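Have a look at the structure first, and then read on.

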Amino acid sequence: MERLGCVDVRALPLQLLLRTHPDWRALPVVVVDRDKPTGLIQWANEHAYARRIFPGMRYAAALSLSRELRGGVVQEAEIGDAIDLLTRRLWCFSPHIEPSDREPGVFWLDASGLRNIFPSFDAWAARIGDDLRTIQLYAIVAVGFSRFGSYAGARSSARNRVFQSANEERAYLRGVPIERIIADASLRDTLFKLGIETLGAFIDLPASGIRKRFGAEAYELHRFARGEGWDTLDPEVLFEPIERREPLDYPEDNSERLLFRFAGMLHGMLGELSARHEALKMLRFWLCLGDGSEQESEVSPATPTLDANQILVLLRLRLSAIALSASVMEIKARAIGVAASQQQLALFQESALRNVDAAQRAFAKIRAELGNDAVVYARLCEGQLPEAQYAWERLYTLAIPKPPRMASRQLVRLIYAPPVELPPSDRHEPDGWLIAGIAEGPVEEVVGPQIVSGGWWTKDVSRAYFYVRTRSGRWLWIYHDHQRRRWYLQGEVQ
Amino acid sequence: MSYVPLYCKSTYSFLEGASQPDELVEEAHRVGLRSIALTDRDGVYGIVRAHKRAQELGVHLIIGSEMTLFDESSLILLASDRKGYANLCRLISKGRLRSPKGVSQVSVEEVCEHAEGLLCLWGGARSLLAGETDPKAMTRNLHEAFGDRLYAMLTRHREAGDLRREHRVRERAKAAGISTVAGMEVLYHTPARRPLQDALTCIRHGVTLATAGRLLQPNAEHALRPPFGFASLYEDDPGAVMRTEEIAERCTFSLKEIRYRYPLERLPDGTSAAEWLRTITFEGAAKRYNGTVPRNVQQQLEKELDLIHDLEYEGYFLTMWELVRYCNHHDILCQGRGSAANSAVCYCLGVTAVDPVRMGLLFERFLSRERAEPPDIDLDIEHDRREEVIQHAYTKYKRTHAAMVANFIRYRARSAIRDIGKVLGLPETAIERVARMLSHYEFPSANALHDAGLNPGSKLQTNLLQLIREIEDVPRHLSIHPGGFLLGHEAVHDLVPIENATMPDRTVIQWDKEDVEELGLFKVDLLGLGALNVVHRSFDLITKHCGEQFSLATIPANDKPTYDLIQAGDTVGVFQIESRAQMAMLPRLRPETYYDLVIEVSIVRPGPITGGMVHPYLRRRSGEEEIDYPHPCLEPILKKTLGIPLFQEQVMQLAIVAADYTPGEADQLRRDMAAWRKSGRIERHRERLIARMARKGIQLEFAERVFEQIRGFGEYGFPESHAASFALIAYGTAWLKTHYPAAFLCGLLNAQPMGFYSPSTLVEDAKRHGVIVAPIDVMHSEWDCTLEPRAGSGEGFAVRMGLRYVKSMQQNEGMRIVACREQKAFDSLTDFAFVTQLDHGILARLAESGALETFKNERRDALWDALGVTPTPHAGFALDDAEPTAHFTALDALETTHWDYTFTSHSARGHPLSHLRDKLSRNRLPDAATIRNMANGARVRYAGLVICRQRPGTARGVVFMTLEDETGFVNLVIWEKTFEKYELLAKTESFLGATGKLQVQSGVTHLVVEQLWRPEIEEKPCETKSRNFH
């Protein structure tokens, strides 16, 4: 490996917070570890520093220094997503990327051989910086001869830095302040107490003494700083999607013929995935139409697969459900894969009495034909209103149901969603209240009311529920909405 | 048809009911109900307040509680008579004392055992009677225990499940032959409180409104219903409604029936309490007056003893005497204060240390036949040993007969906004921003919320404002009074339930101080006072090293050098008169006698300051203003304070004499003065006082001024008796500082944390007074600071700093060093580490603090070595000889002091600015000593370390700061506008520069700041911590 680059997206969580709240940029802003007054400040912007608000302080203490202070938590998942995004973008600049697993926002890039593509390392570094700025993130890039050298260069510089020789890198490294490099606050503070302020002074300490006093990690850092070890990259594995496009010779309207076109494309993509030890997780496709528009859709097998027939069945269902506004001029497809090992293992699973896989496949077909919202389940919720006691959620993984044993037989209530508006109750109606039409007869018995009210903090709701029996013997569940002053049929007791 | 609500929960069910007990009573009265029951969960916390209001309105209050059983179900118990109330209290105590704080659980068997005098209502959503399974055995047990006093309670709240539950209750009651009674769970007095009830539920469960779901009540049907509303709810069963009145008639118990007797000592054979009190009082008097009790004292004692006997208060005085005797016997310093200092009996019993006859204090302020309320004796006990006295009280009177008084932690502005903000789903970081902008009592305006970034006019903001106003004063949880004890002749748990406090070995009653006072019960206050620690420790050191024995009673009175020190305002460390404001007052007031000290202690208080009493008093004292009285009748009251009311007693007397207040009215005035800030009750005295004074011929202007003074006292005013007790300790500590500065410093340092100044300031001040302070050294230091003979230092001794000043060091570690050293002196760092077996962290901290200098001259070398000492195969420690040598730069003098401050909070080696003096002088920055000698009006630039920041509420936004250098202090006065301009610097810089004009008056120098700045010198002193007061 000739050259290594290090990209330091400084204070990544803080940059992410400011990206979410651009109106905070002129204010002191901090990232805290939890949304509590006692939360510890992890990152602070320059306006916060100017008000003597530093990482390590409690949020409440910082507030006493500036009433303008804004703060927030950046979730691990958000940082993880950002690192994924950055990794993908950096792949455009190097085939081998290694994100730091200790410091979010630090990446090492293999810069070998890039001179043939970019005019210089300076230009390469500048292009990286420009690219990241398009997603409103700011980074410093250093190109050096060792992993530690490039890292120290990026961490300690205010702008991009390219070392021209290994000697230059080593000389620079000795003058780097240790607070730029050593993240472990305890080690850093102890070194400060000992009067050790630069990497040079740190390197000059006896290695055995470092290991004895500060442990293996400090010793390793000392070793790296001395230029020993840690140069091999451990690059991130990329499940690069496979894309195909095929202009059609003539405008096509027939879904079967379109399917045939996709079939040819699909076999090639599956072969390629197979060669990468991957299986197809999702197939996204586009139909480019004669009127200039594009129709986009996707199908997903029940589990990742390399079986073309399974995909084609789903594709046929989905194509037949699409209404085209013009003839198709071109088709495009993107196959997204995952590692195939799980799927291979599944082949050896014992089959249960209930064939969950078959059900999964059936659901996949339904989803393919009717869309992803076609297969849902009711999740029970803790709401007060009937409609707030359940929520429909997409069902992706089917489990064998295990209903709890009930002590007594429960009445089944049919719930109308949305409720059906009823005619007003006329006090003087000669035939009584004909709530469900003449055939069912008038209401003969009323039980209630049961009152449900609340939601005052967002939108007031107040309903009086009744069970009513019609002459025909049906028990209906109705309510009067006090805000709307109307009657509704909520459901029926079966 | 009328009815009686029998199941009502108030805010004293803690985060469940949303109305105060008095609001429930008032609403019951308003809608025409004759009776109401208060049945808070597992307690009777709110009954005194409800009882008081019910008495005023003529409402019959039924006392009860919803009891939680082991299976989490509940039933309601109502007290029908005194026995029943005692049983209720005993049962609650049983449940509470076996459970962690905030929880109570009892068994059905225990309920049955305590059934006498109680009625049981069984029903509601939390009861087993309404559950799916028929509780046949429990029904049988309860029916056997309660007989016809057991009722099956129906509850209708128009909720899903009501019908099913009621059906079960009716069926089971019918089968068991139990009468049914109509009921509902009342959680608030009006439906408008439903949002608050929802919010309290969320706080209790730690959820937001958006996520609370079915934890909230499904509707607003838990309000107190008027008779018609309740009758229509149960129109199908009028008999069950009528039965509520039948139950009310059976419950005749009232809190008025509580008869309280104070515990009596076991007396020597046949002696009555009165005789015994008389005997020990006169024995004490003989000691106090060296065998010859003056005639006026004898007369006073007779008068007091007669009144004590008439009011049957002997037990109380004997208890106080016993507690003081316990303290004396166990060498625990204590001193009574409060209005007890007005009593000659207390003085002779040794409870107080001020001779009220000599001082002319009025006994009637302490005890009077007209007021007929219990006397109030506060006993200050040296802080470190107070727990011993508390545990003694528990042991002597038994936990059944002694418990501490509770303190209800209530919602105030900040706590309200924090909890309500969370409930409404606001980010906590945003809530904190709003909370920080408010004082504890100031409720936010819409503008304040807008400034904090909340949208004005939004529903969220409207809800937030509404709820935080409603939640004000709602009790959040039970805490413990700082020292209040309730002692009873009969078991306390027959009066009020007892439960566990959070502190181990503490039990607490379910009433607070106001409840106890309302019922006329006796309370003993055992309070901790750090200054008594200092005095005790200092006297012990003097005895040990100088061979002289002193006590507060035997130190020479009217000692001139002591008063010289006080008059010079040289009072760092002196109890009560050490603050910046007190130090500035001393050269003006120039105390010459003990009574001057009493005034000094009282005058620098928000009361006299906001009442505008300070300057008139000083002018009259210095002869600049004539002493006059607005009416001749006021002269006897105001004579000793030159016509200006300075003490709380004077204000009360003034109301009696000038405005014809009765003693009872005057006492109410005192209570309202104490509570005016939260209730505004003082305003109702305004018209009455002014009108009555006008009738007496007192000018309107003076009457207005008197009222302002009274209101000022509400802020914080001292009673004379209180000040008299404190002045004794103030004089004692000033005497110690004058004559035994080393012992005094040692005592002060060992009693930390306490007082106004940090240890570094105390050390620097002592050094300026000629005390040599020796640094911490593992070869010489004990855990505490000690005295070492040293010529030319203090009273012939230097102070050796103790290991307790090594940051983060634990006492057991320090004691281990001392114990090992006593076995054999350490000969090297390796030996030290091996013998003491201290871990690397502590070894490093000792190196950093300079305590290992005996072994290694340079601290960095010592630190490197301390970190490198490793266990040997023989379980010892050794330095690896083969390790290459590391070289470190030695600390310079400034860095050394910096390390001292960082790792020991002080430096025995030097003040940080002494090392920078040359540089500061080159920048034409004078020291504090130079500034003290400069003329009034001089323009000055000064730089020093900030040791104190103050923004008193009485100063209209003015900020006071004290800066320190190696020669003393400079006090800054920063006007509000200047402070706003330099707020960040003023709040954050520990080394600060100030430019301004000197204001020199009566020997007191202040620098009135025009500019603040960061001193621009190459080297900076270390960051020091200031003590900030707001």
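## Confidence in the model

pLDDT is the predictor's confidence in each residue, on a scale from 0 to 100. It matters here because this is a predicted model. In chain A, pLDDT stays under 50 over residues 343-351, and the model gives this stretch four contacts beyond four places in sequence. Chain A as a whole has a mean pLDDT of 86, with 92% of its residues at 70 or more.

Chain B averages a pLDDT of 89, and 95% of its residues score at least 70. Among the elements of chain B, strand β1 (residues 35-38) has the highest mean pLDDT, 98, while strand β18 (residues 877-878) has the lowest, 50. Residues 873-877 of chain B stay under 50 in pLDDT, and the model has 14 contacts for them beyond four places in sequence.

## Domains

Let's turn to the layout of each chain. The assignment for chain A gives domain 1 (1-27 + 69-238), domain 2 (242-367) and domain 3 (413-493). Taken over C-alpha atoms, the centres of domain 1 and domain 2 of chain A are 41 Å apart.

Chain B is divided into domain 1 (11-257), domain 2 (273-400 + 482-529), domain 3 (412-472), domain 4 (556-730), domain 5 (758-904) and domain 6 (912-1029). Between the centres of domain 3 and domain 6 of chain B, again over C-alpha atoms, the separation is 36 Å.

## Where the chains meet

How many residues does the contact take from chain B and from chain A? Chain B gives 49 residues and chain A gives 46 residues. The area buried between chain B and chain A is about 4300 Å², and carbon and sulfur atoms give 56% of it. B:Arg214, B:Thr429 and B:Trp864 supply 16% of the area that chain B buries against chain A, more than any other three residues.

There are four salt bridges between chain B and chain A. In one salt bridge, the side chains of B:Glu428 and A:Lys36 meet at 3.0 Å, N to O. On the chain B side, the elements that give two or more residues are α7 (194-205), α8 (209-212), α18 (428-436), α20 (459-470), α39 (859-868), α40 (893-904) and α44 (983-988). The largest share, six residues, comes from α39(B). By residue type, the side of chain B that touches chain A divides into 21 nonpolar, eight polar and 20 charged.

## Pairing within chain A

Side chains of opposite charge can pair when their charged atoms come close. Over all chains, the structure holds 100 salt bridges. In chain A, A:Glu256 forms a salt bridge with A:Arg316, and their closest N and O atoms are 3.1 Å apart. This pair links distant parts of the chain: A:Glu256 lies in helix α12 (residues 255-275) and A:Arg316 in helix α13 (residues 308-321), 60 residues apart.

## A loop glutamate in chain B

B:Glu795 sits in the loop between β15 (786-789) and β16 (797-800) of chain B. Which residues does B:Glu795 touch, not counting residues up to four places away in sequence? They are B:His739, B:Tyr740, B:Pro741, B:Ala742 and B:Ala743. The side chain of B:Glu795 reaches the backbone nitrogen of B:Ala743 at 2.8 Å. By C-alpha atoms, B:Glu795 and B:Asn407 are separated by 46 Å, and they are 388 residues apart along the chain.

How values were computed
Residues numbered from 1 in each chain as written. Chains lettered and ligands numbered in written order. Predicted model: local features only at pLDDT ≥ 70, side-chain atom pairs only at ≥ 80, totals over all residues. Heavy atoms only, no water. Contact = heavy atoms within 4.5 Å. Buried area = accessible area lost by both parts, 1.4 Å probe. Helix = DSSP H or I, 4+ residues; strand = E, 2+ residues; numbered from the N terminus. Nonpolar A, V, L, I, M, F, W, Y, C, P; charged D, E, K, R; others polar. Domains from an automatic or database assignment. Polar contact = N/O pair within 3.5 Å; in protein donor to acceptor, adjacent residues only side chain to side chain.
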